[in-house]
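Biologist: Hello! Could you put the model up, so that we can walk through it together?

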Amino acid sequence: MKYTLLIFLHFILFTSVFGQQILESSDAISDCTGATTVLKTGAYRMQFSGKGGKVNDFQAYGSLNNLEEKNSLFCSFKASYNGRFTLSASCTQLLQMVIFEGETKYPCEEISKGSAEIRRIISKPSHELGLNLVVSENTLYPIDLVAGKEIIICFLAPPKTKEFLEVNFVFEPITGEMQETAEGGKLLDLRTDKSESGLSILVRDYETGKPVIANITITGIKGITAAYQGSDFRFSIDRSGKVQLKIDAEGYFFVDREEPVSANTETEIVVWIEPLGEGKSMQIDEIEFFPGSSEFLQSAEPKLRRLKDFLALNAGIKVEIQGHVHSNGENTFEAQKLSEARAKRVYHYLIENGIDKNRLTTVGYGNTMPIFPNAKFASEEQSNRRVEIKVL
């Protein structure tokens with residue numbers, strides 16, 4: 001009986017540990033589950049964290065035993081249309097690269113099980129590597145992707161080095177689905193009938209008014225939920241509701257919005273995005289905390305990760321993390337300390353997940369800079385409780 005009980009307990013313990021290995025996740029840029037989402041192709045300066053991830057992502061692949069995941073940088077890219085993916089990467093340190101492709105919407109889970117396909121491997125260390133039609137020792141053929149396919153790119157560098165990675169991601173349509181606009185933008189017209197009313201989304205530079213080629217992720221309305229690239233978009237809408245938009249463009253602050261749309265009605269949404277620049281700031285309302293504390297609400301997690309990805313793809317900038325609280329009357333000692341603690345909490349999340357601490361500073365403003373000095377509604381009070389990111 002005792003022997004049977006020991007076997008049973010061993011089985012329970014093994015199942016628990018094995019389950020943790022499969023389900024364990026991390027927001028660190030050195031882990032697959034923390035991969036920086038590349039929503040817009042283009043040139044980026046990224047930075048290695050100097051260490052491997054919390055999870056051994058390669059453990060299920062015997063063919064990768066010769067690659068040491070001791071300083072890794074993961075990125076994910078999802079095709080919004082049929083196209084060809086290329087890249088070029090360079091670093092002062094020697095690089096290696098592995099690219100995976102999964103069959104489901106959970107490629108990292110497939111990688112952990114060893115079922116994701118390895119699409120490309122460059123195992124010989126080199127200062128420059130990539131994917132290109134012109135093949136060389138450290139440059140392999142491009143990857144053709146159908147709309148909706150996602151790939152995971154892992155760059156490897158020597159341990160402990162926090163060098164910058166200069167990388168250029170390129171994704172070009174094979175079928176010529178995008179059209180040039182008169183203003184130099186790119187139009188993606190997905191209406192089933194070009195003469196019918198529908199939804200138009202235009203992405204414009206806040207300072208110049210010119211089109212900006214961006215990646216836009218749309219959710220909320222069945223039929224158009226997907227990721228797209230361009231500056232001008234046209235969609236057929238056969239049902240009313242709200243759309244959630246995530247807009248990312250190289251050299252700009254990201255923008256997230258929710259907008260109402262009506263079926264079979266002409267609707268135009270203009271999204272103004274602001275270029276990055278010294279002294280400019282971005283307000284992030286959705287990083288929320290438990291009342292009176294610096295502990296994140298669970299609802300803050302998507303926006304924290306969004307901020308991490310933004311900083312990972314713009315490693316050339318330094319930012320000041322500003323904490324603000326809502327409190328009536330003059331600024332108090334408690335309000336000041338709470339705002340400082342909340343800014344520090346964001347700071348620690350970012351450095352724990354691969355952002356170099358030398359790029360980050362923090363400051364708390366208490367309740368000295370409210371958006372609504374005489375807040376009358378809960379939504380206005382919540383707007384006063386915010387985190388802002390200022391480019392230094």
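Modeller: Gladly, and a definition comes first: buried means under 20% relative accessible area, exposed means over 50%, and partly exposed lies in between (1.4 Å probe, protein chains only). Helices (H or I, at least four residues) and strands (E, at least two) are DSSP runs, numbered from the N terminus. This is a predicted model, in which local features need pLDDT of at least 70 and side-chain atom pairs count only at pLDDT 80 or more, while totals for chains, interfaces and linings use all residues. Residues are numbered from 1 along each chain as its sequence is written, and side-chain values use heavy atoms, with hydrogens and water left out.

Biologist: Which residue of S8 stands opposite Phe 74?

Modeller: Two strands pair if DSSP finds at least two bridges between them. S3 and S8 run antiparallel and are joined by seven bridges. S3 also has a parallel partner in strand S1 (residues 36-37), through two bridges, with Thr 37 opposite Ser 76. On the S8 side, the residue facing Phe 74 is Cys 154.

Biologist: What is the volume of the largest cavity?

Modeller: On a 1 Å grid over the protein atoms alone, a cavity is a set of points where a 1.4 Å probe fits but cannot get out, and lining residues have an atom within 4 Å of a point. Grid points are joined across faces, edges and corners, and a volume is the space filled by probe spheres set on the points. The whole structure has two cavities of 30 Å³ or more. For the largest, the volume is about 50 Å³.

Biologist: Which charged residue is in its lining?

Modeller: S2 and helix H3 (301-313) each supply at least two residues of that lining. Ala, Val, Leu, Ile, Met, Phe, Trp, Tyr, Cys and Pro count as nonpolar, Asp, Glu, Lys and Arg as charged, and the others, Gly among them, as polar. By class, the lining has seven nonpolar, three polar and one charged residues.

Biologist: In what order do the five strands of the open sheet lie?

Modeller: Strand S10 (179-180) and strand S18 (267-273) stand at the edges with a single partner strand each, so one side of each is left without a neighbour in the sheet. S11 (residues 186-189) and S15 (residues 232-235) run parallel, joined by three bridges, and Leu 188 is opposite Phe 233. The pairing is mixed, and the order is S10-S11-S15-S12-S18.

Biologist: Is Arg 191 buried or exposed?

Modeller: Arg 191 is found in the loop between S11 and strand S12 (199-205). Leaving out residues up to four places away in sequence, Arg 191 touches Glu 196, Arg 234, Phe 235 and Ser 236. Its relative accessible area is 18%, so Arg 191 is buried.

Biologist: One more: which residue takes a positive phi in the hairpin of S16 and S17?

Modeller: S16 pairs with strand S17 (residues 255-261) in the antiparallel sense over seven bridges, and Gly 241 stands opposite Val 261. The hairpin has six residues between the strands, and the residue with a positive phi, near 85°, is Gly 251.

Definitions and conventions: 1 Å grid on protein atoms, 1.4 Å probe; cavity = no way out; pocket = protein on both sides within 12 Å on 5 of 7 lines; lining within 4 Å. Contact = heavy atoms within 4.5 Å.
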